[in-house]
Amino acid sequence: MNSSRSWTKLGLYGSLITAWVATLGSLYFSEVSGFTPCTLCWYQRIFMYPLAVLLTLGIMRRDHHLPHLVLPFSLLGQGISVYHFLLQKTPYFGSPSSCAIGVTCSTVWINWFGIVTIPLLAMIGFMIITTGMLAVIATDSGSAGNTWSYQWPRWPVPLIVLAAVAFYLVGAARAGKVQFSLPEVVLPIVSELPFLELSTDPTATPAPAATPTSLENGALLYSQGCASCHGQNGVGVEGLGTALANSPQVAVLTESEMFAIIRDGRAADAPNNRTGIAMPPSAGQENLTDEQIVDIILYIQSLQ
């Protein structure tokens, strides 16, 4: 009996914690880090966000139907996140432009340890919730009517919700206040240190002269990774990315500076970021080579 109660509590509270962490984590990625959600990201949010509310109210009410209400959301969300992860990591599920509006669904915002992406995190979250609900159903063999045989405590629910919200607010506050930069007066001193070499050319990657082949390749790569935010032909997309064609800001950049921006991306709070939306490293295409980035640069320069 005690074992059944333990599994019931683990399934319920574990699912509740997971739903709130996933919900607020996705909001942190988009609202704090500036990672623009793609179409498939929004579909996963549609199935995850209601779970935070459903689990909170269902556990508080000790609703007999809670697992059966949750499972359709978690199973459908899990299917979408699996497809999204495979779309990013394999070549078997369509082209990178499969999401036509906004950021492409193949854009990789994070790539921890070479495999952990946002869709994988969502997939793990849905899987935990699904497993938790199945555990509750399996261990509740003595329920009848609309009441559980075991009346679990309600008091952990507000504590879990408040703790999750508090962590989000603290993280958001720190992201907005904590920045590190060297004062200009320190730079000459640091540059003299024997173990540290500062360079104004972080890549030293030469940009060859444009050829019809390089421009064609650059245009294709641009349409796959850049056009969803910066627009076809570099005209820009309002609310997502600035115009690159005939841009005074682009015209003054060197090839090395453009290379560094594309390769490293740009944070939402970067000084020169005028949209407040993060730019993913390598245009969201983790396997982009140096030669392909050079082709993109040549294409962008041809738009000036």
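Helix axes here are lines fitted to C-alpha atoms over the stretch in contact, and the angle between two of them runs from 0 to 180 degrees between N-to-C directions. With that in hand, welcome to a few close-up views of this predicted model.

**View 1. Helices α2 and α3 pack against each other.** Here, helix α2 (residues 39-61) meets α3, with axes that come within 9 Å and cross at roughly 155°. Angles over 145 degrees count as roughly antiparallel, so α2 is roughly antiparallel to α3. The crossing of the two is left-handed. On the α2 side, the residues making the contact include L40, F47, L54, L55, G58 and I59. On the α3 side, L66, F73, I80 and L87 are among them. Sorted by class, this contact has 17 nonpolar and six polar residues, with no charged ones.

**View 2. L66 sits in helix α3.** Now zoom in on L66, a residue of helix α3. Is L66 buried or exposed? Its relative accessibility is 2%, so L66 counts as buried. Leaving aside residues up to four places away in sequence, L66 touches L12, L54, L55, G58 and I59. L66 and V136 are 70 residues apart along the chain, and their C-alpha atoms are separated by 9.6 Å.

**View 3. Helix α3 also packs with helix α4.** In this view, α3 (residues 66-89) and α4 (residues 118-139) pack at an angle of about 150°, their axes 8 Å apart. The two helices are therefore roughly antiparallel to each other. Their crossing is left-handed. The contact of α3 with α4 has 18 nonpolar residues, eight polar ones and no charged ones.

**View 4. G11 lies in helix α1.** Look for G11 within helix α1 (residues 2-32). With 5% relative accessibility, G11 counts as buried. Which residues does G11 touch, not counting those up to four places away in sequence? They are G132, M133 and V136. G11 and V136 are 125 residues apart in sequence, while 5.8 Å separates them in space, C-alpha to C-alpha.

**View 5. Helix α11 has a run of buried residues.** Our last stop is helix α11 (residues 290-302), whose 13 residues should span 18 Å at 1.5 Å a residue. The C-alpha atoms at its ends are 19 Å apart, which agrees. Along α11, the residues I293, V294, D295, I296, I297, L298, Y299 and I300 are buried. What covers these buried residues includes α7 (212-225), α9 (248-251) and α10 (255-264).

How values were computed:
Residues numbered from 1 in each chain as written. Predicted model: local features only at pLDDT ≥ 70, side-chain atom pairs only at ≥ 80, totals over all residues. Heavy atoms only, no water. Helix = DSSP H or I, 4+ residues; strand = E, 2+ residues; numbered from the N terminus. Parallel < 35°, antiparallel > 145°, perpendicular 65-115°, else oblique. Left-handed = near helix turned anticlockwise from the far one by under 90°. Nonpolar A, V, L, I, M, F, W, Y, C, P; charged D, E, K, R; others polar. Buried < 20%, exposed > 50% of the residue type's maximum accessible area, 1.4 Å probe, protein only. Contact = heavy atoms within 4.5 Å. Expected span 1.5 Å × (residues − 1).
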